[in-house]
Amino acid sequence: MALADGWDWHLDCDLLVIGGGVAGLSAARRARELGLDVLIVDKGRWRDGARTQPRFVHAATNLAQGGIAVVGLPDAPSHDSITSHVDDTLNAGSGHCDRSVVESIVGRGADAVNWLIGLGTNFDTQPDGTYSRTREGGHTYRRILHAGGDATGAEIQRALEASVIGARLLQNANAKEILLEDGVAKGALIRDPRGLGAVTARKTVIATGGLGHLFRATTAPKGSLGDGHVLALDAGVELSDLEFIQFHPTVLFDSRAHGRRPLLTEALRGEGATLQDSHGRPVVTDDPRGDLAPRDIVSRAIAMRLRETGEDNVFLDARSIEDVHTRFPTVTSGCRSLGLDPAVDLLPVAPAVHYSCGGIATDGNGATSVPGLYAAGECARTGLHGANRLASNSLLEGLVVGKAVAEAEISGVGATTPERIKGRHRPRLNTQDRMTMQAAMTEGAGVTRTAESLERAVEALEGLPDAGAVAVAKRVVAAAQARTETLGCHTRLD
C-alpha cells in the first residue's frame, strides 16, 4: 500500500549503513576511503543537546571484552597458523560452518586487523613491544588480541568512530523498511525527529546487531530485538540458522535483575579462572578441554548441573589471577556493582543469551539474495560460526565483512524517487507484551529445549501483536522445533 503518512524528507547517498558497530563503521570507513558518499543511520539518542559518548551507544561492539582472534600478523607466534584457526572455528561450529567462508574470513583477518591498527586502534603490548595475546575456549593457541585489558570492543569502537570523517550521520533514527524497486534494494524508509523520510542509496547494509532482548537475560545492549532481521524479512530475504543462539556460560548472576547483565569474559578462564558448583566440584567434567571447551559445551554443562542441584548459579573462581583488577578492569567494575571483588570472592555466574550465530542469510562478503542489500555483523549469517561461534571471531567477522561490503560493486544505476516508495508498518510492543515474549523465550527456548517447552513458547507468542520482535521470536522457535537433534548451542533434551 502507499505510505499513509506520506514522507517528510529525502536524502540520497552511495552507501547507506544501518547500525554503528564494528561491521557498520568498517563499511563506512572503507567506503569513504574509496570516495563514496556514506550516510549512517543509528537509533542512539542525543541527550540535553549533546551526543552521549560513545556516539553509537547501542553498538554491542562497545561491550566486547575478550578480544579479536587473528593469525598472521608480523609478530605472530610461529607455531600458530591460519589452518589451525580455521580448524578451531570448524570444530567449535560442530560441522555446520561453511568451510570456504571460514577460510576466506580467517584468511583476510591479518590484513583487516592491520588496517584497523592503521586507523589508530591500540591493542595491548608486552614489554618487548609485541602484542599481548590471550587464549579463550575452543582455541588451540593464544591468538587473541585485546585492548585495555578487557575493553577491546570499546577501543575498536573509539578508533572506528574517529575514522568515519566525511560520513553523514542520522541519530535518533530508526530504519522502518528496505526500499525495493523491481527486486533491487534502493535504500530505506527512516523515521527520525523530522518525521518519516526516504534515504535512497545504491548500496544498503544492515548492521544492526543481534536479538538478545528477545530473552529475559542477555549480555546485549538495550534495543537488541532483531530490528535488522525484520528489515531483511520484510524485504524477502531468508533468515537462516536462527536456532543457534549462543549462551555465554559466565554471566554475572543476580536474582533480582533482568535485561542486560555483566559479562565475565572467557579470557578469565584463559588466564586460569575455574568453574565450580556450590559444593566446590568442577562443572565441566565430560570434555578434556574442561573450562576452556567451546561455549556451547560449557553452558550446557552448567545448565545440566543446575538442573541436578536445583540451584540458580554456579561460581567462577578468579582468585588465582595475578593483578586481576588491572588485567580485567571491566569485569572488576561489574563485580563491584554487586559488592563482589574478583580477587577475593567466588563470583556467581549462569548462562545468558550472548550471540546469535544465525541471522540474515548472506555470502562471505555480506551480500544477500536481494541485489543492492547487504548484512554484516551479528545480524548476518555468513556461515562462519556454524552451530556455535568460536570465541572472539565476532569482531573479526564484522571487521572483514564490513570492509568487503564497501568494496563490492555498486548495483543498479540510480535510486528510486520517493514518489514510488511503498511501505509497511509493524506495531510496537508494549512493556507487558515484551515481558510475555521474553518469559516465553527464556522458559521455552533457553539453553536446553524440548518439544514440549518449544510448543509452550509458540502458544505464548501466538497471543502477541505481530511486532517485529515477535516475528523474529516465532522464527527462532520454529527453527528450534525443526531441528530435533542437539547440535552446537542448540540443545534438545528429548
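These are my notes from a first look through this structure.

**Ground rules.** I am working with a predicted model, where local features need pLDDT of at least 70, side-chain atom pairs count only at pLDDT 80 or more, and totals for chains, interfaces and linings use all residues. Residues are numbered from 1 along each chain as its sequence is written, and side-chain values use heavy atoms, with hydrogens and water left out.

**Overall build.** I started with the secondary structure and got 14 helices and 21 strands for the chain. Helices (H or I, at least four residues) and strands (E, at least two) are DSSP runs, numbered from the N terminus. Next I looked up the box around the C-alpha atoms, which is roughly 65 × 55 × 45 Å along the principal axes.

How much of the chain is buried? I noted 60% of the 494 residues, where buried means under 20% relative accessible area, exposed over 50% and partly exposed in between (1.4 Å probe, protein chains only). I also checked contacts (heavy atoms within 4.5 Å). Of those with a separation of 6 or more, 73% are between residues 24 or more positions apart.

**Strands.** I wrote down a reminder that strands of a sheet pair through backbone hydrogen bonds, either parallel or antiparallel. Here, two strands pair if DSSP finds at least two bridges between them. S4 and S5 (residues 144-145) share two bridges, and I found Thr 134 opposite Ile 144 in S5.

Further along, I followed S15 (residues 314-317). Three bridges join S15 to S14 (residues 274-276), antiparallel, with Thr 274 opposite Asp 317. S15 is also joined to S16 (residues 347-356) by three bridges, again antiparallel. There, Phe 315 has Pro 348 in S16 as its bridge partner.

**Helix H4.** Which residues of H4 (residues 109-118) are buried? I listed Gly 109, Ala 110, Ala 112, Val 113, Trp 115 and Leu 116. Their cover includes helices H1 (22-33), H3 (99-107), H5 (152-163) and H11 (394-407), along with strands S3 and S5. Just after H4, Gly 120 takes a positive phi of about 105 degrees.

**Asp 241.** I found this residue in the loop between S11 (239-240) and S12. Is Asp 241 buried or exposed? Asp 241 is buried, with a relative accessible area of 11%. Leaving out residues up to four places away in sequence, Asp 241 touches His 96, Gly 358 and Arg 381. Gly 223 is 18 residues from Asp 241 in sequence and 21 Å away in space, C-alpha to C-alpha.

**Cavity.** I searched the whole structure and found one cavity of 30 Å³ or more. On a 1 Å grid over the protein atoms alone, a cavity is a set of points where a 1.4 Å probe fits but cannot get out, and lining residues have an atom within 4 Å of a point. Grid points are joined across faces, edges and corners, and a volume is the space filled by probe spheres set on the points. The largest cavity comes to about 50 Å³. S12 (245-252) and H8 (295-309) are the elements that give two or more residues to its lining. Among the lining residues I noted Ile 245, Arg 295, Asp 296 and Cys 489.

Note on methods: On a 1 Å grid over the protein atoms alone, a cavity is a set of points where a 1.4 Å probe fits but cannot get out, and a pocket is an open set with protein on both sides within 12 Å along at least five of seven lines; lining residues have an atom within 4 Å of a point.
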